[in-house]
Amino acid sequence: MGVGGKVALTAVGLVLALTAVVAVRTVTFKAPAVVDPASVKLAAARPLDVNKVAGHLAEAVRFQTISHQDRAEDQPAEWDKLHAWLQATYPEAHKAMTREVVAEHTLVYTWPGSNPALPPIVLMAHQDVVPVTPGSEGAWTHPPFDGVVADGAVWGRGSIDDKGSLVTLFEAIDAVAASGFKPVRTVIVVSGHDEEVRGVGARAAAALLKSRNIKAQFVLDEGMAVVADHPVTGKPAAIIGTAEKGYGTMKVVAPAVGGHSSAPPADGGGVVTLAKAVQAIDAHQAPMKFQGPGADMLKAIAPHASPVVKVFAANTWLFAPLLVKVTAKTPAGAAMLHTTIAPTMLKGSPKENVLPQDATAWINYRIAPGDSSTKVMARAKDAVGKLPVELSWTKTDEPSPISSTSSDAWKTLAGLAADESKAPVVPGLVTAGTDSRYLTGVASDVYRFQPLVLKVDETKIIHGTDEHISLDNVGRMVRFYQRLVETAASR
């Protein structure tokens, strides 16, 4: 046999061997983080009056606990009214739990368990909401703070984010306490008052719990949900956030001489320098990698997807570059795979015919797990090179650790989520920020999940016009929190 024939034969052999490896790995592939609800002893659901709960949520929406970027615009009295309403509306919960207030309006409740040696559970839901965009009020089906129950839903700002969680959590605890349930494991509720802007309240609550040397079994906050039409399968999937990205805002300043615009400098001045710097930073993106919670989500949902997806998920050693390319076709998909860069604000001259003495840009980063603010700053400095600009952080929060998908806490949450949603449960990465990031020192396992069902397109109403929550979801959330408390706190 000639040399050419031997080469061809070798190539065929390699292809066959590669095919065999891919086939074996696909057949033996086991999705990560899978929990059989039947393997977890879950508390039964209690009867509930959904219309009554909806009425309570509508009342909570009417309190205008709006967190503004400028704190001077906030209305502290609205938080005081909400607190008084909680105490009046949920008397059994307030009899069972001690109540503390930190950082002016953040609430910390403790329901002592009979066995203080057991790590407590921490449940979170924030009180504040984002403002309504001025001029958009007329586009709402019902005024944003009227708290209307109509057409099978509760309408208004905060009905999902996050008074929906706050109210249904208290409904659940109130009902459980009224039934005579006594927790074995301590239950702690943390409700921050400024999650949408500063997170001062959650930081203070975390400091309080740390000062008491509390190490919780798990923390549960908002962040993910049951997606009714998951992009990979087109079917429902319950996504529990096991990590969230860090947050950073970089300030880029281009000092300049200033002067009259009729005699601009040869280099274009500060604005041109700033534009070059911002463009260079934006062009120097962090590499996309098929790893972490974003990759784990695809691996976990692969058995419920097409055979091709399963082949890819079982053989990421071979198909990772292709998976990155496919995932990155949408901005949301790309955000799961790397640190994102978003120039958001600019400042130059105060007048159109005056050269600025400095031009400034602010760039918002969402830092992926495995990355850090130090690495991000190094990339930015490398990108701008010798351009005469100054780089600094105005704010940074590092990415959270990745929580377990094999712990007892995960088994409880995933088992309950699967039982309630009748859908596969998969881990995921929260690309936005929640108050739970400040409690990573309180628990190793910090999860982010709201037990409600939404289509991908419906998530646009969160922070947007016509925010509302269906009565089905209201009932689903109360039931989930009730069963979670009775399951997790009974052992």
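This is a predicted model: local features need pLDDT of at least 70, side-chain atom pairs count only at pLDDT 80 or more; totals for chains, interfaces and linings use all residues.
Helix α5, which comprises residues 163-178, is considered first. At 1.5 Å a residue, its 16 residues should span 22 Å, and the separation of 22 Å between its end C-alpha atoms agrees with that expectation. Of these 16 residues, 14 are buried, so α5 is largely enclosed by the rest of the structure. The peptide bond from Asp161 to Asp162 is cis, with an omega near 5°, and Asp162 itself is found in the loop between β5 (153-155) and α5. Just after α5, Gly180 adopts a positive phi of about 95°.

Helix α5 packs against helix α14, which covers residues 471-488; the two axes come within 8 Å and cross at roughly 50°. This angle makes α5 oblique to α14, and the crossing is right-handed. On the α5 side, the residues that meet α14 are Gly164, Ser165, Thr168, Leu169, Glu171, Ala172, Ile173 and Val176. Their counterparts in α14 are Val474, Met477, Val478, Tyr481, Gln482, Val485 and Glu486. By class, the contact of α5 with α14 contains nine nonpolar, four polar and two charged residues.

Glu171 belongs to helix α5 and is among the residues of that helix that meet α14. With a relative accessibility of 12%, Glu171 counts as buried, because the cut-off for burial is under 20%. When residues up to four places away in sequence are not counted, Glu171 touches Val53, His56, Tyr90 and Val478. Of these, Val478 is one of the residues that α14 brings to the contact with α5. The C-alpha atoms of Glu171 and Ala266 are 95 residues apart along the chain and are separated by 67 Å.

Two further helix pairs were examined. Two packed helices are described by the angle between their axes and the distance between the axes. For helix α7 (residues 269-283) and helix α12 (residues 373-384), the axes come within 8 Å and cross at roughly 125°. The arrangement of α7 relative to α12 is therefore oblique, and the crossing of the two helices is right-handed. Helix α7 contributes Ala277, Ala280 and Ile281 to the contact, while α12 contributes Ala380, Ala383 and Val384. By class, six nonpolar residues make up this contact of α7 with α12, with no polar and no charged residues.

The other pair consists of helix α9 (residues 307-314) and helix α10 (residues 316-327), which pack at an angle of about 115° with their axes 6 Å apart. In this case Val311, Phe312, Ala313 and Ala314 of α9 meet Thr316, Phe319, Leu322 and Leu323 of α10. The residues of the contact of α9 with α10 divide into seven nonpolar, one polar and no charged.

Among the strand residues, Val122 lies in β3, which spans residues 121-124. Its relative accessible area is 0%, so Val122 is buried. Leaving aside neighbours within four places in sequence, Val122 is in contact with Ile188, Val190, Ala216, Phe218, Val219, Leu220 and Leu439. Of these partners, Phe218, Val219 and Leu220 fall within strand β7 (218-221). Val122 and Tyr109 are 13 residues apart along the chain, and their C-alpha atoms are separated by 9.6 Å.

Positive phi values in residues other than glycine were also noted in loops. Ala103 has a phi near 50° and is placed in the loop between β1 (98-102) and β2 (106-111). This residue is partly exposed, with a relative accessible area of 27%. Asn213 has a phi near 60° and is found in the loop between α6 (200-211) and β7. In contrast to the partly exposed Ala103, Asn213 is exposed, with a relative accessible area of 69%. The C-alpha atoms of Asn213 and Phe170, 43 residues apart along the chain, are separated by 26 Å.

Methods
Residues are numbered from 1 along each chain as its sequence is written. Side-chain values use heavy atoms; hydrogens and water are left out. Axes are lines fitted to C-alpha atoms, for helices over the stretch in contact, and angles run from 0 to 180 degrees between N-to-C directions. Helices (H or I, at least four residues) and strands (E, at least two) are DSSP runs, numbered from the N terminus. Angles under 35 degrees count as roughly parallel, over 145 as roughly antiparallel, 65 to 115 as roughly perpendicular and the rest as oblique. A crossing is left-handed if the near helix is turned anticlockwise from the far one by less than a right angle, and right-handed if clockwise. Contact means heavy atoms within 4.5 Å. Ala, Val, Leu, Ile, Met, Phe, Trp, Tyr, Cys and Pro count as nonpolar, Asp, Glu, Lys and Arg as charged, and the others, Gly among them, as polar. The expected span of a helix is 1.5 Å times one less than its number of residues. Buried means under 20% relative accessible area, exposed over 50%, partly exposed in between (1.4 Å probe, protein chains only).
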